[in-house]
Structure formats: C-alpha cells, structure tokens
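Please keep the structure in view while reading.

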Amino acid sequence: MKIVVIGNGMVGYKFCEKMVARYSLHASELVVFGEEPRPAYDRVHLTSWFDGKTADDLLLATADWYVENGIRLHLGDPVLRIDRENKTVQSHKGIVETYDYLVIATGSAAFVPPVPGMDKKGVFIYRTIEDLEMMKAFAPNARSGAVIGGGLLGLEAAKALLDLGISNTHVIEFSSRLMPRQIDDQGSAILQNKLAGLGLKVLTGKNTREILGDDAITGLQFADDTILETDILVVSAGIKPRDELAKAAGLTTGPRGGILVNEQMQTSDPYIYSIGECALFNNMIYGLVAPGYEMAEVAASHITGEAKAFTGFDMSTKLKLIGVDVASFGDPFADPESCHSIVFEDKYKGTYKRINITTDGQFLLGGILIGDAAAYNMLLQTTRNKMVLPANPEDLLLGASRGTSDAGAGVTALPDEAMICSCENVSKGAICQAVTDGHETLDDVKKCTKAGTCCGGCTPMVKDLITATMKAQGKYIRNVVCEHFPYSRQEMLDLIKVKSLRSFDEVLDHYGEGEGCEVCKPVVASILASLWNDMILDKGNDTAQDSNDRYLANIQKGGTYSVVPRIPGGEITPEKLVVIGEIGTKYNLYTKITGGQRIDLFGAHLSDLPNIWEELIAAGFESGHAYGKALRTVKSCVGSTWCRFGLHDSVSFAIRIEERYRGLRAPHKLKSAVSGCIRECAEAQSKDFGIIATEKGWNLYVCGNGGSKPQHAQLLAADIDSDTCIRYIDRFLMFYIKTADPLTRTATWLNKLDGGMDYLRNVVLNDSLGIAAQLEAEMQMLVDNYKCEWREVVENPELRKRFSHFINAPEDKDPTVKFETMRAQKKAAEWK
Amino acid sequence: MSTIHTTSTSWFFACKTSDVPTNGGVCVKYKEEQIALFYFARRNEWYATQNLCPHRRQMALSRGMTGTVKDEPKVACPFHKKTFSLKDGRCLSDETECALTTYPVKIVDDKVYIGVDAVVEMADAQI
C-alpha cells in the first residue's frame, strides 16, 4: 500500500506519526510533499520564536525521524496536480508519484481582506517562520505597528510586535469585540482593559478601507474616515482553506471554501482523504490543532482498516494570551431565550466569568472565563458530561476566587467516561484504574496512562483523582491519631483541655485503649505541653516524650547527644563564648554554628549531659529546645544599632520575641526571624513567623518554611507596632497549636486551611471567630509558666539519675561509642 | 533452640523495680552485654531484649518508646523508628530486618532478674 501526503504541517505530520504507530501491522510506503523549506513545526507556539526559540526548537520531528521511519519527505516542493484517473500526483520540481491513497493536508492560508495597498512594503501576514523572519528584518525600521484582526492569531501577532520592540501597537478588529468567536462584548471589554495595561491599544468596529503610503506603508485609512499612522502592518484576519488543488482535481468543495469530507475524512473521491484546516466537515472548518489531530487519527485508522469516525469536535479552548487567561467552553453565547447566564465581573482585578445554564438550573451549557481560568477544567467537564449543577450554581464561579474551591469533590462526581486528558484521550476511568492498580503518585499515573504528559492542563484533576480514589479505598479514611485514640489531634486537644488532664496515662484512661505507641504518645505529650507547659519529664510523661524530648537533647549517630544552649537573637557576649569553648574542650565536644545563629556541641555522652548543663546554666545559659517540637530560634540581623540601613532595632525585638515564646511546644518546630529593613538579611520570609521593619513599624509574615519544600511566608499584617505584632503572633501561634494536625508545619497547615490566608487574617486581625482574647490569655498562661527544663533537671537528683547509660553501672559510659577525627575535631564513627 | 533456652536459663540480678521508669526502658549491663529492660506498668509486664538495634547497629533500644500494636507489646528505636515485638523480637515495621534476641524476666519482691541462656551467650560471644 502506498500513501502520498500533500502537506507537512502539524496535522500532516500527525498523520505520519499515526501511520508509523501502525507500521508493524501494515507494511506501507509513505511519501510526503511539503511546501515549506523545513519539516513540520509547532505553529501554535510560533510566537515563542520571538522569545528566543529557534526554528529547530519548534520542529515536531527532525528530518532524521522521517528517514528512520522510511518516509520519503520532499520539502520545498508543493504538489501542482492530482491525476485521479491514474492515481498520481506531480510536484513543482516534476516528481511524479503514484498512490493507493492520497491525503490532502494543505492546511490554510491567511485570509487577506481585499483592501487596496496590501502589496506595500511593511505589510506582512502571520503564518510561517519565513513570515516571522521577514517581520523581524523589517521591525528595526518601525516605531509604530498595527495588526488587522482581533482573533486568537491576531493577538498572538500583536504580542510578536511587542516582542520585536514596537511598543506602540494597535489591534484593529472589524467586529465590535475581540475574539468574536470565543467571547462576548463584556468579556472583550475586560480583555481590552487588560491588554491596554500591557501597552496594547485595541480599536474595534473598524473597517479598513485603504493602506496608505507610496512605496512603504505609512498608515491605515478606515471607512469612518479616521486614519491610524503605522510603519508596519500584520494581517491576521482569519484563515482560508487551501482547497485550490482539490478544486482543480474536481473534488467537491464548499461554497465558501474547504474540501468536503465525510465522517471517515474521505473526500468525494474515496481514495482521497482530507484532514486539518483544509477539510470542511458538516459545514465547518476546524481552525484548531486538536480537532486536526483527531482527523489525522481517523484517516489513518480508516486507511488501515479500522472503523473510527470524526463526529465534530468541542472547540472549547483555554489559553494564555499575552499573559492573560482566556477560556471559552461549550456554548459561550447560548441564546438568552433558552438559558440563564450568571456573570461575575471584577473590573479592578480584570476578571470576567460567565456561565450559561439551562432555564431549569439543572445543566451547564457553556461559558467564558477571562483573567482567571482556574475553574476551566471543572466547568468543561461539568458541561461535557451533563452533570447536574449544585443548588447555587454561582458557587462554580466564586469558589475558585474565594480560595475555597474544592475540585476534589468535583472530580468524584464525574462519570468514568469523562475525558480528563484530552491531549492523550485518557478517561477518568482509566486514571482511577491505574490508581487502583497501585500507581499512587502523579509520576506513576503519568507514566502508566500518559495523562498530563502533553499540555499538562489536566494535572490538578489527575492529582485530585488520585487522592479521591485512594480515599475511596480507605487509604486515607478518618484523620485519627492512631489505633489507640479514635480522635483527630484537634479533638484530642479539646477533650484534654475540658477534662484538665495532665498526664499521658490519664488521657489514655479517659479516651484511649491499649498502651499507646510511638505515634500517639508524642502527640499527647505535645498537647499537654501546649496546654499547661508543665515540666515535660514530670507526672510519668517522660516516657511519653519522643526520645529527644525525654533526654532533652538530640540523639546523634553512635548514640551520643548534641547540646544547644539558647542564644536569643544570636546575640552573645565574648565571656559567654569563652564558657562554651571551655565546656566544649572539657567534654571533648565537636562544635558547629547552626543555621539559626546558635552553637551546637556534639558528641556528649548521656551521663555527661547534666554536668554540661550545670556548667552552662551557671554561666547564664538556658535550654535552647533544639530537641523539641518547640520554638527554636529567632534569627536577627544586626539592625539599627549598627547597620547604616537599619530602620529599627531588630536584635532587641528578636530577643523579646525569643524570650516570650521560648519553650513553647507546638505540633511541629517553630522558627522565626526579625529583619531591620527591607533588605531582609535575617531571611524572615522563610520562617513560620517573620518580622520585617518598615518606616512605620513592622510587617508580620507567617507560614513560611525552608526544608525540602520551601515556601515563602505571606504578609499577615503591615506597619504594626511592637505590641500589636506580639498580640497577633500570640493569636496566630495559639490558633495553629490548637488546630494543626500532628507534625504539620505552619506552611502545610495554611495550605490545608479552608479559606487560606484570607481566613487566617480574619481570625487573627478581625477576630472573626471571637476567640482572640482567649487565644491571648492561653498564650500568656504558657509564657508565665515557662521554666528552663534543664535547670529543673540539674537541680533535681532524681531526674539527674535518669541520664545514665547503664541502670546497674551508672558510672560507666556506653563502651560501644566510637569517634574518628576530622579537621582537628571528632566525628561520630560511620555506621554500617 | 527454644527448648535449650528454657531448660538452661540462669538468672542474674539486674536492678530494683523502682529503678525502671513506668512504661519505659533502661539499659542493663551484663558482663560485656547490653540488655534493654522494659516495664509495662498498666499490665504489669516486663520484657528484655538486646539493646542493639540491628538496623544501624546502635545501642539505643532501651531509650526507645514502648507501646502496643493490636495488644502486642513493642518498642520503637529512637533512631529511625523501626519497631520490634517484645514477645518474640521480630521487626514489625520491616520484614527484612533481623529479629532481636529476647530474654525472660522474673520479679522477686522488688528485684528484677533477667534470664540468660548459656548457649545463646556462647553464640553472642562469637559475633
């Protein structure tokens, strides 16, 4: 079987790809003629050529790919004639090829309106890489530019002019609005505003009568007698199917152009197929790449004996136009007689959303999204699958902007046939099946189903499907602490508080079963500490503490411990530095400066810990709580006392904050910092709560963290005084402590918090829950109850006794502990 | 091996019952060995295992947190939270991990005795 393809654009290439995929089944010969000098490239992303992508970057496949797959590719050689009787084609260069099947994928040409003067210098069309090269060569002569055509391609062309440095650019549209096939007047107005902000001026309702200038263009004359001066003009007023070859061969074409095809993409001659923008199906030319690809698939399958059919294509689109989200789906303009429209417009933010629903409020017909298209996927699925709408359909629009959208609930309602990834044709059912088969991460699901591997637009839905499917299998179930306590951490905290329980044993008696375990014990111990701030080794709670808390030190390789005295704000006297040096020498400790402006002493034997702390405390140090899920350090820059840029005394404020919250136990460790000016040397925006000096006071940022998933803190309150700042931190920390899941840092907590930052700000600043005074009082109680736990151990012989390695040989150290030497200090011996 | 174990147990005095924290562990020195001793106060049960966590060969199990899983007593190593059954010493969180040696424990008045087996002792000495 021999197949000849006329045209090597995106769709012609896709046809080759589809045939190659079938080669093992059908030995066939494939010959391709292309008019352009290079193999098929990504015309959709043509503008990226101006961002620095090369023509090679845009290639869909290299010339080698065609060779490797046995495809004979004739470039720069358009076909001139089709001889249907003898089943041959003849090219411009005189090559004659016979065919069993012929595929016409000649695409479209730019439609150039019949306006006098189109032949002047400086007038371009926007279609091929050659067009771009000519525009680029001409652009340095141009100070102002214009584009005829306010559709998708026209706006892309306008972007190209901006990228070429022509900042004074106008878009001229004949109809009353931009993108007339996708959006309505109101949406167009919002889009125009947005574009104006980017320096792009839009003229609508303008009929160009003549192109002015002698040799080169100087301006445009409109039908309303106005004139626009311009040095360069790009025409992008629509497309015209390339059907002239088919017409000459006697194939049926439409009255306004386009090669007539049936559901199998066959033309009026059953041995000749036509696909892409030159094909006319059901009175429609499909000017997008996705339906073109679908046509390529249908034609390839039909030629190789499968029975696929093209039945039209959803022209819903979502794209970023010059940085603005624009989406249009289903029937965006539904007739007001037969539907209701809900419109949401925010002129300040530049967002416009419209959905059309049936008059009975049951179903979604289509809609338009501009400025924020986050809801596109969900709305498109709701339309396509004829899903019944919620009682308040406006929630579909407002949900996303309120920051409370729950796409997770949405995906579960989709039918299994729902197409989640339209690039790769992957249904919801296929994704859920993959998850059930054990592919429980996004990467796994992508690998296994190919969903989300093309444009990536469906990735959030794929993620939601993974979560939902796992939940359905009981893998997430209820958020309980563990098998011993059938409650969430938040519920446990409330229960313990109501009953004023003070020990793990009491809590287990009241609310648990069994003996507890390494999961629930530290959770309960942390809750008790957060509620009462009792000495954590009292009341039998020592054995409920995580190992580090139980020994008030961090266990390190080899079984020795590290010691971190508190150095508030990172400020330390030379005398205290000497003490640390002396202790380090005496107990042979490895010393290192930590990331939080403190000093860590490593390699202490368990039995030496009380002695080391006795000496540290005598010199005025106290516990640094480096071992606890507690406040660690409040880092600071040197601030206004020394720094010539400093606005306020960041060190003093950092010390005040560190001393207020020292020893505070929380669901996870807490870090903080204070910067004395906007240069942010203390890196406060990477902390759980960070403070930056402003001219008028302090800016308070919350919920940042470093670590494996860094996240910037977000502004909670601006320009507040020191006391207000501390009041807000009190409320924020207490609210976090009371509501977070175990071992959840503030950043993750915020990410999961319904309503996000807006909600948190309402609680902390506006007291929307009416609990601010209570939160402050609870924090004050913890602050008042603070005692250095190491001082208590040092002063209590019974507690000191617990810091020995052997219960029956308290003087002996663990003989298996081994050290090695490195750079004149010791290090732990390597473990197996 | 278990029959030899029970027939040739010799008991040594480890410590007083009050030396061991309730619901926690201590490390007992026996000749050159380290044995972890655990007390489950709520059910008044005592367990003893080797102190060495086989995962990274760290002398740490006595400092681990005790608990139960479906009523089976266990300890979690403070280093990487591997959990081991105190009944038979097998690793509960990782099937491929070596099991712990366990020892019988006897309480007489306020004294804790741990039973060691001559054969096991010899095997340990060879390692």
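## A sheet in chain B

Two strands are said to pair if DSSP finds at least two bridges between them. The model discussed here is predicted. In chain B, 3 strands form an open sheet, with the order S7-S8-S9 and antiparallel pairing. Strand S7 (65-69) and strand S9 (83-85) of chain B are the edge strands, as each pairs on one side only. On average, neighbouring strands of this sheet are turned by 35° against each other, with direction ignored.

S7(B) and strand S8 (residues 72-76) of chain B are joined by 5 bridges in the antiparallel sense. Across this pair of strands, Gly67(B) stands opposite Lys74(B), which is in S8(B).

## Helix H12 in chain A

Helix H12 of chain A covers residues 428-436. Its buried residues are Lys428(A), Ala430(A), Ile431(A), Cys432(A), Ala434(A) and Val435(A).

Just after H12(A) comes Gly438(A), with a positive phi of about 105°.

## Where the chains meet

The contact between the chains involves 23 residues of chain A and 30 residues of chain B. On the side of chain A that touches chain B, 7 residues are nonpolar, 9 are polar and 7 are charged.

Note on methods
Residues numbered from 1 in each chain as written. Chains lettered and ligands numbered in written order. Predicted model: local features only at pLDDT ≥ 70, side-chain atom pairs only at ≥ 80, totals over all residues. Helix = DSSP H or I, 4+ residues; strand = E, 2+ residues; numbered from the N terminus. Axes fitted to C-alpha atoms, helices over the stretch in contact; angles between N-to-C directions. Contact = placed C-beta atoms within 7 Å. Nonpolar A, V, L, I, M, F, W, Y, C, P; charged D, E, K, R; others polar. Buried ≥ 20, exposed ≤ 12 C-beta atoms within 10 Å, placed from the backbone.
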